[in-house]
Amino acid sequence: MDLRSGAIDAAQALMNAQSRRRSEGCYRMKIVLCGLVLLSALAGNAQTASSREAQQARILALEIAWNQAVMQKDSKAVAPLLDEQLIYIDDDGAVMNKARYLANVQEPEPRLLHIANESAQVRFFAASAVVIGIWREQGVRNGKAYVFRDRFVDTWIERNSSWICVASQSTLITH
Amino acid sequence: MRPMVHALMLTCALVASIAAEDNISSAAQSKVLALENAWNIAEEKSDVRALDLIFDNSMIYIDEDGALLSKAQFLAQTKNTHTQMQSLVTQTIAVRMFGGEMAVVVGSYRARGMEHNKAYLREGKFMDTWVLREGAWICVVAQSTPLRR
């Protein structure tokens, strides 16, 4: 009886040890798996962040290209940056579609001397980006020199791997 | 015959999918426009609590004078006792949906009220950007541009 119970105890001790080892093994495996998941998530986040940085740089480059095209009154260069359904609100409150805005770009008056974005901040929302910035324009209208600053918001969406502007609004800074 | 049946089934599925998408888009538009209306009512009543629910915490608001306001600044301005809005009437010019998760509302506004005991009338255009977050539409960017004739 004692022998049998001793054998049973020994067998149970062995099973417990094996079970402990198995559970330790499982535990280690779980830690390794969690580590892998965490690493993969971190790598994914890093990739997303770098991808976002790249997209931000692309959008800001498009904003500069837009300014340069406006400066040269080159509506053909502006056109590909804008969606066909563009909604544009000018700083005098005029609402324009793409055709009207492009016609406005080509107007001989005013004579533009300098255009620049003083600041531009990009914020991403799902597959879209919003640029909030300050536009500074210097020129001559009817023989008179002028300078003004507008606060603008441009909304861009990614379509077929290209960013296009779908909405834009400007407000004259008077405060 | 079978290819024709398949083509017909495919067409039906496509039409059904487009119709479903249109319904979703239309429902989202209605929700966003209802929120625009709620915003007007809340602003008329200086109801900061209601406005707080409509705006994202990181909302950016560009005021008529070109000032950049945070949500907290906009809400504080709404509570300002020196300015009392009596009526705010808006008219929607366009609502555009982008991928079911973003909407841009463009419209005109006409606001009447009292500021430092003087009556005012302000007219302009606005553009509000809404995003769908956790099943609810919230405003992330809003801008006003006064009419300059």
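Predicted model: local features only at pLDDT ≥ 70, side-chain atom pairs only at ≥ 80, totals over all residues.
**Overall composition**

Chain A contains three helices and six strands, and chain B likewise has three helices and six strands. Along the sequence of chain A the elements follow the pattern α-α-β-β-α-β-β-β-β. In chain B, read from the N terminus on, the order is α-α-β-β-α-β-β-β-β. The table sets out the computed values for each chain.

| Chain | Residues | Buried share | Share of contacts joining residues at least 24 apart, among those between residues at least 6 apart in sequence |
|---|---|---|---|
| Chain A | 175 residues | 20% of residues | 51% of contacts |
| Chain B | 149 residues | 21% of residues | 52% of contacts |

**The sheet of chain B**

The six strands of chain B form an open sheet in the order E2-E1-E6-E5-E4-E3, and the pairing within this sheet is mixed. Its edges are formed by strand E2 (68-70) and strand E3 (83-98) of chain B, each of which pairs on one side only. From one strand to the next, the twist averages 20°.

One of the pairings joins strand E1 (residues 55-62) of chain B to strand E6 (residues 136-146) of chain B; these two run in the parallel sense and are linked over four bridges. Within this part of the chain, B:Ile60 has B:Val141 in E6(B) as its bridge partner.

Helix H3 (residues 71-79) of chain B lies across E1 and E2 of chain B, and the helix runs at about 95° to E2(B).

**Contact between the chains**

The contact between the two chains involves 29 residues from chain B and 27 residues from chain A. On the side of chain B that touches chain A, at least two residues each are supplied by E1, E3, strand E4 (102-115), strand E5 (118-133) and E6 of chain B. The largest share on this side, six residues, comes from E6(B). Sorted by class, the side of chain B that touches chain A comprises 16 nonpolar, seven polar and six charged residues.

**Two individual residues**

A:Glu63 belongs to helix H1 (residues 2-71) of chain A. Is A:Glu63 buried or exposed? A:Glu63 counts as buried because 21 C-beta neighbours lie inside 10 Å, and the cut-off for a buried residue is 20 or more. Apart from its neighbours within four places in sequence, A:Glu63 is in contact with A:Asn117, A:Ala120, A:Val131 and A:Asp154. A:Cys165 lies 102 residues from A:Glu63 in sequence, while the C-alpha to C-alpha distance between the two is 9.5 Å.

B:Leu53 is located in helix H2 (residues 48-54) of chain B. Is B:Leu53 buried or exposed? B:Leu53 has 12 C-beta neighbours inside 10 Å and therefore counts as exposed, since a residue with 12 or fewer falls in that class. Between B:Leu53 and B:Glu101, which are 48 residues apart along the chain, the C-alpha atoms are separated by 18 Å.

Terms used:
Residues numbered from 1 in each chain as written. Chains lettered and ligands numbered in written order. Pairing = 2+ DSSP bridges. Axes fitted to C-alpha atoms, helices over the stretch in contact; angles between N-to-C directions. Contact = placed C-beta atoms within 7 Å. Nonpolar A, V, L, I, M, F, W, Y, C, P; charged D, E, K, R; others polar.
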